[in-house]
Amino acid sequence: MAAPGENLKINGARLWDSLMEMAKIGPGVAGGNNRQTVTDDDAKGRTLFQEWCTAAGCSMGLDQMGNMFARREGTDPDALPVYVGSHLDTQPTGGKYDGVLGVLGGLELIRTLNDLDIKTKHPIVVTNWTNEEGTRFAPAMLASGVFAGMHEQDWAYDRVDADGKRFGDELARIGWKGEEEVGARKMHAFFELHIEQGPILEAEGRDIGVVTHGQGLWWLEVTLTGKDAHTGSTPMNMRVNAGLGMARITELVHTIAMDNQPGAVGAIGQANVYPNSRNVIPGKAVFTIDFRSPDQDKLDAMKARLEAEAPKIAEELGLGIAIEAVGHFDPVTFDDGCVSAVRRAAERLGYSHMDIISGAGHDACWINRVAPTAMIMCPCVDGLSHNEAEDISPEWAAAGADVLFHAVVETAEIVV
């Protein structure tokens, strides 16, 4: 298939301006963003994205999970579209680029094709997947998971946030619940551009990460039940301290991950104790464990060990315990053909590159189950992400979008 010439590149300045303009919506308190899923600010971000897509000549589709699909037509009405995209929602203390670069990089791809009057055989569709982050409504990658048949739609609608609000109700409230059946679309291929969210590319001095695999994960929510009591007047040997149980299980999680090196990680990320008062021994603790590995056997072994040993800790302390799996996906191997297209694009453009495994979950991990898929990564400063100090350079953003442009346009087939 025909490939674009190495002199063809996106408009880096325009891409950067778009990133900065989107970052004005849902500003964080420390220079980043708080544009959590299905909030009013999420709705504002979606509206801006739709305006930009309409101006670029795209039609907009919207499905029942709020996934947005901006379509640029191809010359062959029967050809399946090449999809590209990521997510616009952020962490509560998120950065300007996590997810957003992939969506707006896709938009810039469309704008560049328009500028150059390039036609493709296959349509190209830029996607904004709903609730990738999974912070407000667990699990992560919720809407792409429904699209790929990994979750039931009604189950997804019934997810609740910390205030007891249902995902489905909030999606309807902000006005971005569509009519289209989720997952009805068929794809020729899917490409996702993303910041690395790790330190490897910057440390190795590489412009581009060619993502070959993605780690699998287990998210486990643990609830420990003890007895609220006064911290000053309750003897040490008469306490039923849920906070102490959480501390010991935190150490267990670290030990399990270290015992499975290399290629495994684990930590407790979200933790709450109740009643959360300075002079009350916690009678309840609820926390989430995040285990990840690209090795299926290690991933499952870590979960099994936690489920075997954490109840023993609880029993020793007189605590009740419940463990619920609230998120999971198996390790991912991305499509050889799509990965090769990304690698060829980096080489054609003269960008330094290396193969890399994604340490984070992404919508591409689910879409890989229903369509040939690949990911492109660019460096981020100090590997920092899910933090308002998350940072990339305009040059890194442009290089990633250039590779995205070449890989997608080659796959969509230029019409001469």
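Trainee: Where is H87 found in this model?

Mentor: Happy to start there. The model is a predicted one, and H87 lies in the loop that runs between β3 (82–86) and α3 (100–116).

Trainee: Why is H87 called buried?

Mentor: Buried means under 20% relative accessible area. H87 has 0% relative accessibility, so the residue counts as buried.

Trainee: What makes the H87 and D98 side chains a polar contact?

Mentor: Such a contact needs a pair of N or O atoms within 3.5 Å, one able to donate a hydrogen and the other to accept it. The two side chains make their polar contact at 3.3 Å, so the distance meets the cut-off.

Trainee: Which residues does UniProt list under "binding site"?

Mentor: The unreviewed UniProt entry gives H87, D98 and H194. They are spread over 108 residues of sequence, yet they cluster in space, with a largest C-alpha distance of 9.7 Å. H194 also touches both H87 and D98, among others.

Trainee: How many residues does the largest nonpolar core have?

Mentor: That core has 102 residues, and F49, L104 and F191 have the most contacts inside it. Helix α12 (residues 394–412) gives the most to this core, with 12 residues. At least three residues come from each of domain 1 (12–215 + 332–415) and domain 2 (216–329). A second, separate core has 23 residues, including V253 and L317.

Terms used: Residues are numbered from 1 along each chain as its sequence is written. This is a predicted model: local features need pLDDT of at least 70, side-chain atom pairs count only at pLDDT 80 or more; totals for chains, interfaces and linings use all residues. Side-chain values use heavy atoms; hydrogens and water are left out. UniProt positions are given in the numbering used here, feature names are shortened, and annotations may be inferred rather than shown by experiment. Helices (H or I, at least four residues) and strands (E, at least two) are DSSP runs, numbered from the N terminus. Buried means under 20% relative accessible area, exposed over 50%, partly exposed in between (1.4 Å probe, protein chains only). Contact means heavy atoms within 4.5 Å. A nonpolar core is a set of buried Ala, Val, Leu, Ile, Met, Phe, Trp, Tyr and Cys residues joined through side-chain atoms within 4.5 Å. Domain bounds come from an automatic or database domain assignment. Lists of a residue's contacts leave out its neighbours within four places in sequence.
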